[in-house]
Amino acid sequence: MAGAWLPLHENHAINVMALVVTLAEPIPAPMFRKAFSRAEEAALKQGLTHRQPVMNMIQISVQQGIVQPVQQVASGGAIFSSYFDNEMFPVGSPQLSEQLQIEPLSIVYRTWSYVSWSWQKQRYFELLGSFFEIISGLVAAATIRFEYQDRFVYEGNPLDADPALLLRKGSPYLAPHVFEERGMWHSHTGRFLNGPDVSKKLLQINVDAVDEGEREDIQRWVNITTARENRYPTAPNAAVVALDLELIATAMDSQHEELKVALGAIINSKTASQIYLEG
């Protein structure tokens, strides 16, 4: 009897969601300190209480033919994290639940506790609204990127894991050969989309079949990473786009909708009926 593909969670398959904003130039130090202070206050208030500095690696010069040791220098930013309760993950190292990384050139948000898009969007601006208000209109955007990783596990013998039970044949985002595979495989694609504004809109789809576990406990997983990135002009003399709350919110809403459509074009209708695609 054939096995079945199951989503990571009961009503959705999302393992992690990430939102990344990068800037054309670093935020000026006085402005960054003020904005960072607001973000730190919000992160601690919202339960991201594990704080660590962001360290950059710097290779110092070669002296008399000898390469000197690599040094770590604080970037001025920090990572704020929260973890799942130990009762949920009693064995091994703590498992991340939510993370916020703030540096002068980039702001990265990740969550492994996805609820829904409306909830996550509100959560995002609870954490970063004050930060972006301070720098709004005063720095140039480089990229805004939205990324999901969805995971499905095969319930049955991994050697019988038929990709066609999970994925949509004829999908423009999948290499045709994967439907003949019963071992591990990869299908990666990307292209730029047309859009009404000045940004380049990149869509990336990475689908990977991997085995996890050891010996009798090996399981076959399919990881589906879907990402949409807006790339704004940053070349010298280019008409740069100022970063503000409206730009971020509009980009993220559009990207979320496009990624939902892309996932629906990758998984088959039976799989789609198992999960909350609004999500």
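**Stop one: a polar pair**

Select Arg220 and Asp211: their side chains are joined by a polar contact of 2.4 Å (an N or O pair within 3.5 Å; within protein, one atom must be able to donate a hydrogen and the other to accept it, and residues adjacent in sequence count only if both atoms are side-chain atoms). You're looking at a predicted model, where local features need pLDDT of at least 70, side-chain atom pairs count only at pLDDT 80 or more, and totals for chains, interfaces and linings use all residues. Residues are numbered from 1 along each chain as its sequence is written, and side-chain values use heavy atoms, leaving out hydrogens and water.

Is Arg220 buried or exposed? Buried, with a relative accessible area of 3% (buried is under 20%, exposed over 50%, partly exposed in between; 1.4 Å probe, protein chains only). Arg220 sits in strand E12, residues 219–231 (strands are DSSP E runs of at least two residues, helices H or I runs of at least four, numbered from the N terminus).

**Stop two: helix H2**

Now select residues 117–135, helix H2. At Leu128, H2 bends by about 60° (the angle between axes fitted to the seven residues ending there and the seven starting there). Buried residues of H2 include Trp117, Arg123 and Phe131. Just past H2, click Gly137, which has a positive phi of about 80°.

Finish on Ile135: beyond its neighbours within four places in sequence, Ile135 is in contact with Ile27, Met31, Ala35 and Leu243 (contact means heavy atoms within 4.5 Å).
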